[in-house]
Amino acid sequence: MEDTIIYMDNAATTPLREQVLEAMLPYFTENYANPSGIYRMAAQSRQDVARARELLAASINTAAENIYFTAGGSESDNWAIKAAADAYGSQGRHIITTKIEHHAVLHTCGYLEKQGFEVTYLDVDENGLVDVGQL
């Protein structure tokens, strides 16, 4: 009997579609310059990132300056939570999350607790659902 693999961690990483691999190959082999660099090769990378930002923004009907690229999910979680806390902290300093969130979320909430925010960590049931009454 042949082994069947069922991959259940697609939140962490997924295989690339062939079209994405083809589009990205030049950036792994030829156009790999740091887009923040001050050298000539970096200018092309900077233009390519700007073009990608514009295409992505157009696809979701927003302005390019609203699109930010990060290195991964943990950085994104951390940045989004801290930015929201900073933006809305004057309206309230209470954050509600669950005990089963990713460590990037839980550690950021712990950091914000040290900055004076109150954080409520809700339990979930066996299906991962929050009890609305507890909320």
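Colleague: Which residues does T108 touch, not counting those up to four places away in sequence?

Modeller: T108 touches N78, I81, K82 and H103, where contact means heavy atoms within 4.5 Å. This is a predicted model, in which local features need pLDDT of at least 70 and side-chain atom pairs count only at pLDDT 80 or more, while totals for chains, interfaces and linings use all residues. Residues are numbered from 1 along each chain as its sequence is written, and side-chain values use heavy atoms, with hydrogens and water left out.

Colleague: Why is T108 called buried?

Modeller: Buried means under 20% relative accessible area, exposed over 50%, and partly exposed in between (1.4 Å probe, protein chains only). T108 has 2% relative accessibility, so T108 counts as buried. T108 lies in helix 4; helices (H or I, at least four residues) and strands (E, at least two) are DSSP runs, numbered from the N terminus. The C-alpha atoms of T108 and A50 are separated by 29 Å, and these residues are 58 apart along the chain.

Colleague: Is S45 buried or exposed?

Modeller: The relative accessibility of S45 is 5%, and S45 therefore counts as buried. S45 is found in helix 2. Residues up to four places away in sequence aside, S45 touches N31, A33 and P35.

Colleague: What makes Y32 exposed?

Modeller: Y32 has a relative accessible area of 55%, so Y32 is exposed. Its place is in the loop between helix 1 (18-29) and helix 2. Apart from neighbours within four places in sequence, Y32 is in contact with P26, Y27 and M41. Y32 and A42 are ten residues apart in sequence, and their C-alpha atoms are 8.3 Å apart in space.

Colleague: How many aromatic pairs does the structure hold?

Modeller: The structure holds one aromatic pair. The ring centres of Y68 and W79 are 4.9 Å apart and the ring planes stand at 90°, so this pair is edge-to-face. The pair links distant parts of the chain, eleven residues apart: Y68 is in the loop between helix 2 (40-59) and helix 3 (73-88), and W79 is in helix 3. As for the terms, rings of Phe, Tyr and Trp (its six-membered ring) pair if their centres lie within 6.5 Å, with planes under 30 degrees apart counted as stacked, over 60 as edge-to-face and the rest as tilted.

Colleague: Which ring lies under the charged end of R93?

Modeller: The charged end of R93 sits over the ring of F117, 3.9 Å from the ring centre. The term applies if NZ of Lys or CZ of Arg is within 6 Å of the ring centre and within 35 degrees of the ring normal. K82 lies over the face of Y111, at 4.4 Å from the ring centre.

Colleague: What makes up the largest nonpolar core?

Modeller: Seven residues make up the largest nonpolar core: A85, I95, V105, C109, L112, F117 and V119. Helix 4 (residues 103-114) gives the largest share of this core, three residues. Such a core is a set of buried Ala, Val, Leu, Ile, Met, Phe, Trp, Tyr and Cys residues joined through side-chain atoms within 4.5 Å. With neighbours within four places in sequence left aside, I95 is in contact with C109, L112, F117, E118, V119 and T120.

Colleague: In what sense do strand 1 and strand 2 pair?

Modeller: Strand 1 (residues 94-98) and strand 2 (residues 118-122) pair in the parallel sense over five bridges, where pairing requires that DSSP finds at least two bridges. H94 stands opposite E118 in strand 2.
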